[in-house]
Every structure is written in C-alpha cells, then in structure tokens.
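Work through the following exercises with the sequence and the model side by side. Each task is followed by a solution that goes step by step.

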Amino acid sequence: MNAPEELLVCRELTRQFGGVVALSGLNLEVRRGELLGLIGPNGSGKTTFFNVVTGLFPPSRGEILFAGAPLARATPQRIHRAGITRTFQRSRLCLELSIFDNLAIGAHQRLDHRIWVNVLRRRALAREADATAAAATELLEIFDPPLARRLFEPMTAAAMIDRRRVEICRALMSRPRLLLLDEPSAGMTAEETTRLMDDILEVRRRFGDLTIILIEHEMSVIQRVTDRCIVLNYGKKLCEGTFAEVSSNAEVRRAYLGLA
Amino acid sequence: MRSPGAGRRVLSAAVLAALAALLLYGFLAAESETTVGLILLGAVVAVAVGLRTGVLDRLLRAAGTPTMLGSLGLAALALVGVFHDDPFVLLLMARALLVLVACLGLHVQLADAGVPNFAGAAFFGVGGYTAAVLGRGALPHPLVLLASGAVAAAVGSLLLLPLLRTRGHYAALITIAFGLLFRTFLEVNDALGGPQGLKLGGLRILGWSFNDDRQLLGVDVSGYAFYCLAAVGLALAAVWLVRRVERSWIGIALDAVRLDETAAACFGISIGRWKIAAFTLGNAIIGVAGGLSAMMVGFIAPNNFTFQESLVLVSVLLLGGLGNLAGLAVAALIVVWLPEKLQPIQEYRYLLFSVLVVLVLVLRPTGLVRRTLRRPFGSVAA
C-alpha cells in the first residue's frame, strides 16, 4: 500500500477519446498538504487529468486512490463528498444567481435539503442561511473584503477577477481536502495573479491540511508558489521535482519551454 | 435593506391590488369588444407609464411579496363578490386561476429545474380522471383532490427513467410522446368512458355541495362563486409553496441543476434526485389543479387534454417570463381571458398564442417580466 503521506495516488491512469490518448499510463502521487504544480504544453492532458480525477470522464484504464480509497469509477458527487473540489478553466459560475447562491452551491453537501425543513421550518433554515453567509463572508474576506460585502449582489455585477475569486471560494466552501485549480490566472493581469496566488497561499495557511494541485501556464507563478511540479507531455509524466529541478531538465526544456 | 413601515406596506399593496381589481373588473364587465380593446390599451399604457417612471417598481418594493399576495387574494375575493351571480365570469376567473396553478407546476419543472414538460395537459387530465373515479366513492373530496395530485405525480414517475437519460429537445420529445399516448389510452379505455369521457358529481366538502346556487344573506350566489373561492385558495397555496421551495436550499440546488449540470455534479449535487423532485412536485401541483377543474366543469373527455392544450400551458410560461411568478399570473389571464372576451379571435386563438409567443421571444426573450434574483432567506434579511 501507499505511504500515509500520499493523499492522491494514480496508477497507470489512461483516458482515450476515440483514437486520441489524452492520458497515457500516468503514475503520480500527491502528498498531503503540498501545493503541486501541474504543467505541460497545451493538450498535454492536464485538464483531462482533472476531469478524470473529479469523475467527469471515467478513466479508460488505471486506478485512483484518494486517502487510500479507490475512486476511479466513482460519480462526481461521490468524489466531491470524499473531499475533492475544483475550479474550471473557463468559469462555470451561475451568472443568473447571486454571489451567495453560487457559494451555497459549493456548500451543498453540508446543507439540509429535506423538503419539510426547507418549506416549513423556516427559522431553522434562516439560521443555516446565516451560518452559510457567515462562512462565505469569511472566505471572501481572505480574497477581497469589499467583495465580501457584496454577497447578495448578482454574479453578473462582479468583475472578472471577482468571479475568479468567487469560483475559488465556491470550491472552498465544502472545506475540501484536495483542491484542483485549473489555470486560475487565465485572463488576468500579472498583479491580479500575484494577489490571487497570495490569497490562495493564505487560505492554505489557514486551512492547515489543504492539498492543492495547480494547473498554470505562468512559470513565475509556478516558481513562486509550488512545492513541487509535475510536467506532463502527451498524457505522460515527463518529469517531476521542484521547479528548479524541473526547469533545468533537458527534456522539459525541449518539450515545453521551447529552449534548446 | 430598508424596511418600510407596516402602514406604507399595506397602503402600497392596497393601491396596486385595487388598481388591478379595477382593471380586471372593467375587463370582465365590458360588453362590447371595443370596450375590451380600450381597457386593454389603457392597461398597457398604465403599466408602461408605471414602469418608465419607476412608480410601479417602487410600489411593488414597498408592498413586499407577502402583503402583495394577501392584497391580491382580497382583490380576487372582491371580484368574486362583485360577480357573485354571473356564472360565465366566475367560470372564467376560476379557469384562469386553475391554469395559473397548473403553470406553477410547470414552472417548478421547467423554470426551476430545467426539465421540460410538454404534457402539462395530460397531467392535468390525470388529475381530472382521478377526481372523476375517486369522487364517486366515499373518500372526502379534499382527499380526492390530494389524490389527484398524487396520482399525477405517480404517473409522471413512469417518465422518470427516460427523462433522466435525456435532456433538452430529447427530454421534451419524451413528454410529447407521453401526452399523445395518454390521450390514445383514454380513447380506447372504456372503463374511463372512452372518447365520450366521464361525468363528475361536483365538489362536496362537509356536505356542502359547490354545484348548488345558494342564497347567502338574501343574495343569490352562483355555485361557481364557491369554485372560484376554492381556486383562489388553491392558487395562493400553490404560490406560497413554490415561493418557499424557491427561496431555500432546494431552490438553489434546482437552479444549479438547470444552469450547469457539470458544475453541479462536481459540487455533490445529485442531478437525477433534483430533477425527480421537481418533476414530481410539478406534476402533483398540476394534478390537483386538474382535479378541481374537472369537478368544477362536471365533465371530462380525452379531447380536453390534447397536445395543443399542453402547448398553451407552456406558452403561458414563455409569455410571462420563465422564472417569474408575477409574469406567470399576467400571462395566464391573457391566455385564458382574451379569447373569451374577444369572440372574433376565439377561432384563431392558437394562431394568436403562437404569434404572441414568437413576438415575445423575438422582442423580449425574457418574457413579460424578467426573472429576479433570489431574495436572501437568512434571519437578517427575512
């Protein structure tokens, strides 16, 4: 069995789309509490890896162990309940709803959905709503205190950076053990990215045992925040190690960084 | 959030409800088509002015939904009182209310959970036939109405398996197929009267027959007035239930399922469970409305529950604005009353609705009234 410090273990993970092999016998381990950078050229299988781990696409072959339990063919719902949440490369917030509603979606599994409680026991429901709003405010405040005061405003009124923040907070509402961040810096300025990453580090500091896998194209971000990196190419692991080790690897420089 | 005093709240609601009642009274009492046309024109202008100047919005906000609902209920009672001996107008009012209730069921399905249902009339019919069969027995009629809802929900569960495996147009097609099957089933089923249909005895609660005209305080009151009151009660109850469901975690879960199934699944929301819940609740509401409607009309036949009637119900939703209950009520009134009061268009009513729906979808895709943000339901906001 795997060593206890490994939270997520993937063995020979393979995902094919017709003739295209998006993940090809991928072996990787994610250690408890680390911030792992997942890098690689476009189409190297990073997002597919997230989709397979979160159960959106079941793997064609291979196994996934999360905290020792097999998750390879579980539904997205079960995987979420086990403690894995994610953000999406292209924002998937519900724009018709309020910021609070979006965050409540993230807290779904902790909320009481029994029909008689929701329809008849309005006082208990209001208490739960207050507690959820307090938790949401607390999270948003880490990222941006002014945003936290706009909890009941429509999602559409929020700027791009705020939407990103809400999306990350939505994933954090369930107090996950493993957070998958799919290119959180996409479409943002360098300063915005720096601030967002600092906030994510702050979240990790406060949450204690939060493990994060970060897909990111911005190498300065990877260099600054990750403990360890894994480089993918053609759905395979090219190499792994600290950013310094990875970036000096000759194969990586050839395949990805475009350097001779 | 500012919270206006009780006085201002009641006054605002009373003004709006009185204006609405006046408008509806004028419309219902009008004899000639010219008068009806003028009243409609006046209403459109008044609403447009109210919207432009923001007066309507301010009054609505000052009134608050519970007070507004109560005032509208009182306005409906007043209208029933005014037309207490006019069976035609009373029947018209009750029908609009029951169509509204049925559309509330569709609203839970389509506007909340995103599950299309083009067999609304069929589920309305299931409720009606249940009332026809059970109403003859010893079961008290309030329970018969509940049974109408339960049977409609149970019959709807036959569709769950295919509905959960499809979405969008394909799910819509399944409900269309069911609607057609339902009608054919009725036509060949002699136990349910075949194409001739069934007669019903009318609603009776604690020995009080709703079918009989009565003298109350020396005033002749048509039996339909009592059906109207029952319909007002049912409509208010349905609005109350649907609003509570929407302003709760359930409403948020349904929205998540409708807006993005993939994201919802990644946050642990069981897509199937919520679609089942919404479809079942919606059909139950439609079934109760169908049961009361059948008892009121006293006769049901397969021809009352055609695909066309289902389309009319869906068009009420699109017309009013998917996701908005106020718009739904206005649209139900337009769809049920307009053809009755403007006899020349009676023949062309399906044509008229189709054109109206197309126009609304082209010119104002959100419908007459836009979907609004869910109001917070925490104790601070409540």
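**Exercise 1.** Find out how many bridges join strand E3 of chain A to strand E8 of chain A, and which way the two strands run.

*Solution.* Begin with the terms: helices (H or I, at least four residues) and strands (E, at least two) are DSSP runs, numbered from the N terminus, and two strands pair if DSSP finds at least two bridges between them. Strand E3 (residues 35-39) and strand E8 (residues 211-215) of chain A run parallel and are joined by four bridges. Within this pair, A:Gly37 stands opposite A:Leu214 of E8(A). The model is a predicted one, in which local features need pLDDT of at least 70 and side-chain atom pairs count only at pLDDT 80 or more, while totals for chains, interfaces and linings use all residues. Residues are numbered from 1 along each chain as its sequence is written, and chains are lettered from A and ligands numbered from 1 in the order in which they are written.

**Exercise 2.** Place the strands of the open sheet of chain A in order, and explain why one side of E6 and of E10 is left without a neighbour in the sheet.

*Solution.* First, write down the order, which is E6-E7-E8-E3-E9-E10 in chain A, an open sheet of six strands with mixed pairing. Next, look at the edges: E6 and strand E10 (236-241) of chain A each have a single partner strand there, so one side of each has no neighbour in the sheet. Finally, the twist from one strand to the next averages 20°, where axes are lines fitted to C-alpha atoms, for helices over the stretch in contact, and angles run from 0 to 180 degrees between N-to-C directions.

**Exercise 3.** Decide whether A:Glu12 and A:Tyr234 are buried, exposed or partly exposed.

*Solution.* A residue is buried if 20 or more other C-beta atoms, placed from the backbone, lie within 10 Å of its own, exposed if 12 or fewer do, and partly exposed in between. A:Glu12, which is found in strand E1 (residues 6-17) of chain A, has 13 C-beta neighbours inside 10 Å and therefore counts as partly exposed. A:Tyr234, in the loop between E9 and E10 of chain A, has 15 such neighbours, so A:Tyr234 counts as partly exposed. For the backbone, phi of A:Glu12 is near 50°, a positive value in a residue other than glycine, and phi of A:Tyr234 is likewise near 50°.
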